[in-house]
Amino acid sequence: MTKWVYSFGAGKAEGAGSMKELLGGKGANLAEMSAIGLPVPPGFTITTAVCAHFYANGHGFPATLAKQVDAALKETGRLAGHAFDDPEWPLLVSVRSGARASMPGMMDTVLNLGLNDETVERLARFSGDDRFAWDCYRRFIEMYSSVVLGVEHHLFEDALDEMKDARGLSLDTQLTADDLRAAVVAFKSIVEAHAGDAFPQDPRDQLWGAIRAVFSSWMNHRAIVYRHLHNIPDDWGTAVTVQAMVFGNMGAQSASGVAFTRNPSTGVRELYGEYLNNAQGEDVVAGLRTPQPLTEVASRASRGENSSLEATMPTVFAEFRACAEKLERHYRDMQDMEFTIERGKLWMLQTRTGKRTARAALKLAVDMAKEELISRDEALLRVEPTSLEQLLHPTIDPAAKREIIATGLPASPGAAFGEIVFNPEEAETLGAAGRKVILVRTETSPEDIGGMHAAEGVLTARGGMTSHAAVVARGMGKPCVTGAGAVRIDYEDQSFTVAGRRFVKGDRITIDGSAGQVIAGEVKMQRPELTGEFAILLEWADEKRRLKVRANAETPADARAARRFGAEGIGLARTEHMFFEGERILAVREMILADDSEGRRAALEKLLPIQREDFRNLFEIMSGLPVTIRLLDPPLHEFLPHSDSEIATVAKAMGADPVKLRRRALQLAEFNPMLGFRGVRLAVVFPEIVDMQARAIFEAAIEASLSTGAPAQIEIMAPLVFARAELDIVKARVEAMAKLVENETGMRPRYHVGTMIELPRAALRAGEIAPSADFFSFGTNDLTQTTLGISRDDSGSFLGVYVEKGLLPADPFVSIDQEGVGELIAIGCQRARAARPDVALGVCGEHAGNPPSVAFFEKVGIDYISCSPFRVPIARLAAAQAALGGATDATV
């Protein structure tokens, strides 16, 4: 018989931490915590296999599940000391989701399940606290009705607010037991009015309703959006954990909290978290009350305005610290923990590998390796390469003037500026239109995830460091400030006020998530530097990787950035990108529109000194590192003059008739420029272009070698070749110019000639082309276009649908199409090496900065990859991970 249910508690467990695929992260970790002797309330986990059955069978359950749940519920009651249907002391349970990957707040939870009109009285008698019992019951009705019965959550909150207003109260905690009894009556009336039936009183009906609802929440909108953003497969499913309730709201010696074994924002080794006295766990993360610090250090940092758990319950705090240290040693990673204190007794409710910022991930990985908790190889595998982008974007310039209008909690580091928006849907709309926005909310909820993703940053008036806004923003790498209590938000007016000033939708503000500051207007930013743990981890990566990493760069600024980020040369300098301005584009237009070689040479004479200076800058900045220069590859439509004024300007410069020039431009116009008169075809038809560029390259290299003392490493690349004969024509012109420059200067430049492989035919004929090529560089952007027959400039309207429907595993312009384009690359590598074993093989498309693509390039034997300068650190780490065999589960 299939086992659908796994129990845990009292130092024993049927499951284990290694069973995340079956038990989900929560269930596996509860089993593991119980097995290593931590105080865990007993319970059981219904497996992800049930979730798969649920969706495959019209939301039905396996026939044997009910019997297994009954047995597990009985065992939970035995371990807890009181049964689910005990008439004197009823066992209450929580029902929670738990996928194998953490999805905080995305699915549903039900607490205090088992309460009804009778058991609430028994709970009151047992606890000796009427208020506590009725508070639990009204919470349960609200949560169960919202999650299971589909009654809008705000209806209950509105009713409670009306009650508080009528009594002149401002806080839920000021309501008496009688007030809460009245709230229960009101809540049940809401349920009957909006659900069409009375609130269910049978605890077993409640249990199965909650189990069904939690499984159903796997496919709710916010969970689907979250999985899409974090690349979590839909078919993983969720487990459901049913666990004995423990109560943090049973008086002054009770509390609930959330904590990390290290600081998830910075990675500093310190217990980091918050708690609320006399509260349930949902209160801490909901952001409805501002929590208190765990430690005295944190309390002093907040100027001692809130009592720490360390000060108010020192014995329990010491026990909790010991549990935290034990968990980190056991899992060998930072842990994100939830706990409850019930009348002075500590209970550990959950642990999971903690989400962390990129900055924290780096420090954690490096520090734990230095502490010998993990190896250096494990440290390299702990950091998601793409998360490094969070550290490669502007922060606020320390010298910039800050007009600070409010201060909150530094919930997620980094800085951002943008227009104020109050509505998450509007944030998505404006973000899609390319507008930078800051999402401003009283507090966020899981439904806001789309707006949070679209926004540059998030600001909330309420909530703490572990609130929904903080956790989700850190996971996304978005700057976030929470708990900015001075900010008074008026959604109806679409404005907020602070310190007597009013800010409306569309006004620009800056937030500093590292300092917890809200700043009026747009503040000057600065680029980060590769220092500290960043540099250390990348040094370790460089020791492990086989793939060399270069950068695509053609301007001095890009080349300097590439060196700063550790590039080992330039793998692609696109010479046509050097001509898009001023006098340069005019000279290029003259060259293209010239009727004969004499006219072209006259235009090229104007371009020669410009090109020479451009190349000299690149060679000097790279100072002895290889520089791969692609010969001119302009889609003609980007350079041809179109307007009358542009044609007149070119005609004047050439001394030509504008009418004749317009006719010439029309002759050169193309229906499909990306597959037209470009690349090596220009060199074949107009070889004088190759002559000019080769001369500029060689003369620049000689000048740079003399000025730096380092011989220039010249690599000249012919683009868009499909046959060896094309490359041979270019190579002959380059060799002739090298001899001419040697005769003129007495210095022979050392150089290599190769080609880009951008066409399927070139990949298939690689064995024929290789004898003429010193190197191949696979231009994966164009190779993807020509293989799939998809224009990257026009595919946005349908590629997303293709990925969503599973027709493609990912956007092929982001992650290499391994089955199609990848096979062509593999064939090209194999045939090239067979024909010429010493041929160097590179990749110069943006796929070189995509970790899954880098892993593929490692597998097929590519020698080097070249990407944009700011993706070089990503490529360096991805290359190391590829050499080590792949990354572990992402925790950033």
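**Cores, helices and loops in a predicted model**

Student: Which members of the largest nonpolar core touch the most other members?
Tutor: In this predicted model, the largest nonpolar core has 121 residues. Such a core is a set of buried Ala, Val, Leu, Ile, Met, Phe, Trp, Tyr and Cys residues joined through side-chain atoms within 4.5 Å. Buried means under 20% relative accessible area, exposed means over 50%, and partly exposed lies in between, with a 1.4 Å probe and protein chains only. The members that touch the most others are Leu537, Phe619, Phe698, Ile825, Ile862 and Ile865.

Student: Which helix gives the most to this core?
Tutor: Helices are DSSP runs of H or I with at least four residues, strands are runs of E with at least two, and both are numbered from the N terminus. The helix that gives the most to this core spans residues 687-708 and supplies 11 residues. It is helix α26.

Student: How many residues are in another core that lies apart from the largest one?
Tutor: The members of this other core include Val69, Leu73, Leu123 and Ala210. Its size in residues is 58.

Student: What pLDDT do local features need here?
Tutor: Residues are numbered from 1 along each chain as its sequence is written, and side-chain values use heavy atoms, with hydrogens and water left out. In this predicted model, side-chain atom pairs count only at pLDDT 80 or more, totals for chains, interfaces and linings use all residues, and local features need a pLDDT of at least 70.

Student: Which residues does Ile865 touch, not counting residues up to four places away in sequence?
Tutor: Contact means heavy atoms within 4.5 Å. By that rule, and not counting residues up to four places away in sequence, Ile865 touches Leu547, Lys548, Val549, Arg550, Val843, Ala848, Val854, Phe857 and Ala875.

Student: Which residues of helix α33 are buried?
Tutor: Helix α33, residues 851-860, is mostly covered, with seven of its 10 residues buried. The cover includes α30 (780-788), α32 (821-835), β31 (840-843), β32 (864-867) and α34 (872-884). The buried residues of α33 are Pro851, Ser853, Val854, Phe856, Phe857, Glu858 and Val860.

Student: At what angle do helices α3 and α8 pack?
Tutor: Helix α3 covers residues 65-80 and helix α8 covers residues 203-216. Their axes, which are lines fitted to C-alpha atoms over the stretch in contact, lie 13 Å apart. Taking angles from 0 to 180 degrees between N-to-C directions, the two helices pack at about 115 degrees.

Student: Which residues make the contact between α3 and α8?
Tutor: The residues of this contact divide into six nonpolar, no polar and two charged. Here Ala, Val, Leu, Ile, Met, Phe, Trp, Tyr, Cys and Pro count as nonpolar, Asp, Glu, Lys and Arg as charged, and the others, Gly among them, as polar. Helix α3 contributes Leu65, Ala66, Val69, Asp70 and Leu73, and helix α8 contributes Arg204, Leu207 and Trp208.

Student: How many disulfides does the structure hold?
Tutor: A disulfide is a pair of cysteine sulfur atoms within 2.5 Å. The sulfur of Cys829 is too far for a bond, because its closest cysteine sulfur, in Cys844, is 13 Å away. Cys829 is also buried, at 3% relative accessibility. The number of disulfides in the structure is zero.

Student: Is Ala10 buried or exposed?
Tutor: Ala10 lies in the loop between β1 (5-9) and β2 (12-13). Its phi is positive, about 55 degrees, although it is not a glycine. With a relative accessible area of 58%, Ala10 is exposed.

Student: What is the phi of His59?
Tutor: His59 is found in the loop between α2 (48-56) and α3, and at 36% relative accessibility it counts as partly exposed. His59 is not a glycine, yet its phi is positive, about 65 degrees.

Student: What separation is there between the C-alpha atoms of Arg100 and Glu21?
Tutor: Arg100 sits in the loop between β4 (93-99) and β5 (109-113). Leaving aside neighbours within four places in sequence, Arg100 is in contact with Lys20, Glu21, Gly24, Gly25 and Trp236. Although Arg100 and Glu21 are 79 residues apart along the chain, their C-alpha atoms are separated by 5.7 Å.
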